[in-house]
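Dear colleague,

I am passing a structure on to you, and below it I have set down what was found in it. Please read the notes with the structure open beside them.

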Amino acid sequence: MGSQQYNQLLSSCRTRSPDQCTALIHTTISGYFQFVTFSHRWGVNEPLLRDVEGRSIYRMSITGGLGKLQAFCLRAWEQNYLWAWSDTCCIDKDSSAELQEAIGSMFAWYRRSALTIVHLSDVGHTSSFGSSAWFRRGWTLQELLAPKTVLFYTQDWSLYKNLSCSNHKTDANVIEELEKATSIDSRFLTQFSPGMDDSRSRLQWASLRCTTRPEDIAYSLFGIFGLHLPVLYGESAQKALGRLLVEIISQSGDISVLDW
């Protein structure tokens, strides 16, 4: 924190009780470390951790995934946040243990974020987003449902339909478009909780989505159901989904999920 912020906090604490001072410090520090998460479709030449670690991304090339990363960080800064997280370069994918932990924690990270920025690279400035490929990717399902606050940006990094509200999930027109694009009821889009309720519906939301690695179609649903299962890359999609369904039935008792 800058010295000015520190001095302001110190001055405020002098006029408060110890309990009030503790609460103020907690609120101030928590606010300082609020972070923004990024949701997007992976493209070519996405930067990995080893590409950006210890370097200033603004001094690197603006081509490919680096340009997208720079634009994301800039939008986070414009929204007055100091910390930004992208799945491309904030996970050490060379570490199987860290990758396992990241997949198990992904839903929680998006849920705890102060804001999720969604970049729709195939949606023009004046276009509607219903046909975007972002809605057909497996991992973006939880990236839509988990965060409480979301802003959609179009291809040129302008706000979707120039909507200047602080959270597009509070815009009735956006929610209506999201319902049409995803076939997900608005109550889930705005107030989603992980778990076993409506298990068959949750599976159906994912039925028209795809992932680059076939087994990820199951792994991308772990957070949706609040499950922590082993990630076993190399197994077939059928086996991964089988493990997921067994766990869902075991916990919910709902065998209708076999017909999703």
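How much space lies in the largest pocket? About 660 Å³ lies there, where a pocket is an open set of points on a 1 Å grid over the protein atoms alone, at which a 1.4 Å probe fits, with protein on both sides within 12 Å along at least five of seven lines, and lining residues have an atom within 4 Å of a point. Of the 22 residues lining the largest pocket, Trp42, Asp87, Lys93, Trp139 and Asp216 are the closest to its centre, and by class the lining divides into nine nonpolar, six polar and seven charged.

Please bear in mind that this is a predicted model, in which local features need pLDDT of at least 70 and side-chain atom pairs count only at pLDDT 80 or more, while totals for chains, interfaces and linings use all residues. Residues are numbered from 1 along each chain as its sequence is written, and side-chain values use heavy atoms, with hydrogens and water left out.

The second largest pocket holds about 290 Å³ of space, and among its 15 lining residues Ile57, Cys73, Leu82, Trp83 and Ala84 lie nearest its centre. Its lining has 13 nonpolar, one polar and one charged residues.

Phenylalanine 33 counts as partly exposed because its relative accessible area is 45%, which falls between buried (under 20%) and exposed (over 50%), taken with a 1.4 Å probe and protein chains only.

With kind regards

Technical notes
Points joined across faces, edges and corners; volume = space filled by probe spheres on them. Nonpolar A, V, L, I, M, F, W, Y, C, P; charged D, E, K, R; others polar.
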